[in-house]
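Colleague: I have a model open and want to go through some local geometry. Can you take me through it?

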Amino acid sequence: MSARPTQDSLPPAAHRLSPDSTLLDALSCLLTQGLASVPVGEDGPNLKFLSADTLLEGWQAGLPGTTPISQLELGSSAPPPSTAIGTETLINGLPLLLWLKDRSGRFLIVNRSFAESCGQPSPLSVIGKTDLDVWPTTRAEAYRIEDAEVIATGRPSTRIEQIDGSDDSASWFETYTAPVRGRDGQIVGTLGFSCDISERMREHNAVLRGQRQLADVLATIGEGVWDQDLNSGQTSHNPHWCTMLGLSDTWLKHPGNAWLHLIHGDDRARVRSALQACRTGQGSYACEYRLRHAHGHYIWVRDRGDVVEYDKDNRPLRMIGSIADISAIRSTTQALLESQIRYQQVFDSVREVIFQTDARGRWQLLNPAWTEITGVPVDEAIGQSFLDYLHPDDREARREALKPLVERTRDHCSVTLRVQCRDGSLRWLDLFARAIVDPDNQLVGTSGTLNDVTTRVAAEDHLRLTASVFRHAHESIIIADPESHILEVNDSFCVLTGYTRAEVIGKHSRLLRSGLHPAEYYEEMWATLVRDGVWQGETWSRKKNGEFYAQLGNISAVRNEAGRTTHYVGLFTDITDIKENQRQLEHLAYHDALTQLPNRSLLADRMQMSLAQAERNGTLAAVAYLDLDGFKPVNDTHGHDIGDRLLVEIARRLQASTRAGDTVARMGGDEFALIYNGLEHSGECEQVFDRLLVSIAEPVTIDGHTLSVTASIGVTLCPLDGSDPDTLLRHADQAMYLAKQSGRNAFQLFDPERDRRLRAHREAQIRIEAALYDGELELHYQPKVDALTSALNGVEALIRWKHPTLGLRLPGEFLPTVSESRFEIDLGNWVLATAVAQLDAWRTTGITTRMSVNISARHLVHPDFVPHLRSVLGAHPELDPSLLQLEVLESTTLGDLTFIAKIMAACNELGVSFAIDDFGTGYGAMSSLRRLPVRSIKIDRSIVHNMLDDADDLATVQSMIGLAAAFHREIIAGGVETPRHRQALLKLGCHLVQGHGIARPMPAARMQRWMRAYAIRH
């Protein structure tokens, strides 16, 4: 036996318990003081000892935490240390949740039960976290407030809380929170433990329910009773009737009609009618109405009565009945009705989806929020499974989440999943489901909520992305006293500043000041700290070696329970690199990366300044757009590296040509923009840009390669141009293209009148494009006949514009507008496709004839011409391609006869032939006939028209007919307008003719009728 401890060996009084102390008090004392046992009671023969073993046995036996420790088997002496259980055994052996936090709320110790209640795999996964990391926000905030109160008051607190569920299924916990004091007696944290008292609470609630049910029964049977003699009208009541109405005992008996005056005026006639019906044969009556209370207000009553005695003639003599106060019932009914309405309103308007399913997971109940989130109507979704709407990748996660419910290991679960919406989009939803079970604890369904957390998930993804970028960043921490003397620093501070811990402890924080901020900056900082308790901002500080660094700081004042500042904590992040990157990014945002010249963004600002300066000073500013001539060959021949170095050199020369206040900017590629300020007149431009052209044209030697480029420059003057910066730059760009077209290595001033004409030309082009897409363009057809046999030789497709206001317009009125434009190709493709489709349509009606279609030279040499022609013919496989002939103007084929000959040969392989139109108006007739694979030539109508009156034209016609015969080409004469022209051509040997003398061009339908009639006549 160990001896009882002496007075000197006993623990301090603070570590002593009274017999009335509870198990919770004892557990707090043992854990916070690290004791194996604790004395109980006063010194003397009655002194007892409570060991950790005994306490653990009491908890494990299921004793409530409020049980006095006097009910335990206390020892008469302290157990020897060798037999005492360890703290870890006590912590993890307790059948309750246990935790220890520091003053900041971080968990320092938790037992396994607590970790499991948080959903964590082990106590280590909770250590270092706070309530916000493991509990929902509302609960975590409540716990934080409770901890703060315990720390502030130094007194423990006990609470009983319902975690979740209804009264029958809820988990009830009794939680005890106590302050933890250090060796110096200061509170350093809190200790808490919580035990499950659900069974005790359910028993307690059952007792309360029984009491309430008994009270309800007593209240229900407490009705007023009445007895009425129908002959005398005398009525008797029991005392409860008087009590119910607040009436005196004089109302225990009264004349029959006296109580009618107590009935509300609106109900009186209805009551009389019910009583009369009872007396005249029904035998019983029931009615609800209002009676006036003695205090003046009305109460609702339910009155029931029966005739219990009749005379020999079966006339009623006596009635007995009861009357009950139903005011509360009516109020409750109304309240329930209103509650149902409110519930339905909440159900219909809540943003969360509320659902209920059967055991197979099929929807049985859904609120309109489902439609708002997914776009799927509720009626359509009812009977479907949630799996039907889940993203395929999340279906397994949903099964795993619900598995504990199906296996009945848990009553609820939650998981975040993606749902596929009606419009094809995905939304992230938080699924919370609770099991619905039958009396045998078998799962019969689930209920729960779906909460749209798409925004939160996106924010979390964004936070994770941001964290991944800065995850290697380290904050330096400084703790200082109220006078700003440094008390402590961390290693990151030492690494950042170069100071050791010993070098800064006790020193004033001004040691780190860089001198870059004025004294007022620090005065404002401390004023903010004193006023708000926190300061945030950026500062420049100085390292030990004198180097400056930028940091983002957050300084917070730490106050004691009395509200007095005890010290300051500063967290600082080194943002020197960020500042430098920011400076570089700002430079990159406004400067070209290759030449370091201003870019478009900075140029826009400079142009605004130049415009304002010119207006203010009455001077001119020249805005120039410069494009290098011959730069592409340099890139193609020597590579982009040489090209980039050449651009850098050109940029240097451009900068050298400007003065302070002028601007040189790179627009991209080999294009630059310049602003020259302070010009007195437009004549100065010639001197400025002539020098600039000479400077650019000087050869450049790079890696042994001598390179030469020139420049084309467009210039506009402001405020003479009177335009905004974007327009000025566009005008200069237009002038630059004119300089390039005029031969390059030159500058060109912008001409507003020329620009107006160009805009008008473009508007005309746009109108013709609209005419095509609006169906205003159509093809007319003009026949070709053999004058010798009168047989139809073919037709020529000719475009016409049915203008809605100007009427029918001929090609010469609008085709020149689109010449050499992008739309010229689109229009040519439409003509070709339309003509071939018409040719095939005639074939299906039994009319087979040749058709010629005019093709511009630009269309012919387009890279897609042959593939497009092949596609058009392929769309009409029954059509003979030899019926199609393409006419090309002779004057346009002289550019590159070899190239055009290859294109014509490719078309010939498809079965399509060619004709040279306007033959005789060009200068290469002989060369064209000799080198081009054409089938026919067409004498221009202007020559045929004058051949009867002009000997030269007649000789020209004779020579062309001879050339056609010599080169074995078919010859056609256009512009035949009279029989004389027809006869003259026959004599010369040309029998294929076309012109108004035969027939004018006509729409397809008329052309078809004409061909049928012509065939009949001939």
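Predicted model: local features only at pLDDT ≥ 70, side-chain atom pairs only at ≥ 80, totals over all residues.

Modeller: Residues are numbered from 1 along each chain as its sequence is written, and side-chain values use heavy atoms, without hydrogens and water.

Colleague: Is Asn111 buried or exposed?

Modeller: Asn111 sits in the loop between strand 4 (107–110) and helix 4 (112–117). Helices (H or I, at least four residues) and strands (E, at least two) are DSSP runs, numbered from the N terminus. Buried means under 20% relative accessible area, exposed over 50%, partly exposed in between (1.4 Å probe, protein chains only). At 0% relative accessibility, Asn111 is therefore buried.

Colleague: How many of the 11 residues of helix 1 are buried?

Modeller: Helix 1 covers residues 23–33 and is largely enclosed by the rest of the structure. Its buried residues include Leu23, Cys29 and Thr32.

Colleague: What is the phi of Asp703?

Modeller: Most residues other than glycine have a negative phi. Asp703 lies in the loop between strand 27 (700–702) and strand 28 (705–707), and counts as exposed at 51% relative accessibility. Its phi is positive, near 50°.

Colleague: Which residue does a cis peptide bond join to Cys718?

Modeller: Most peptide bonds are trans. Here omega is about 10°.
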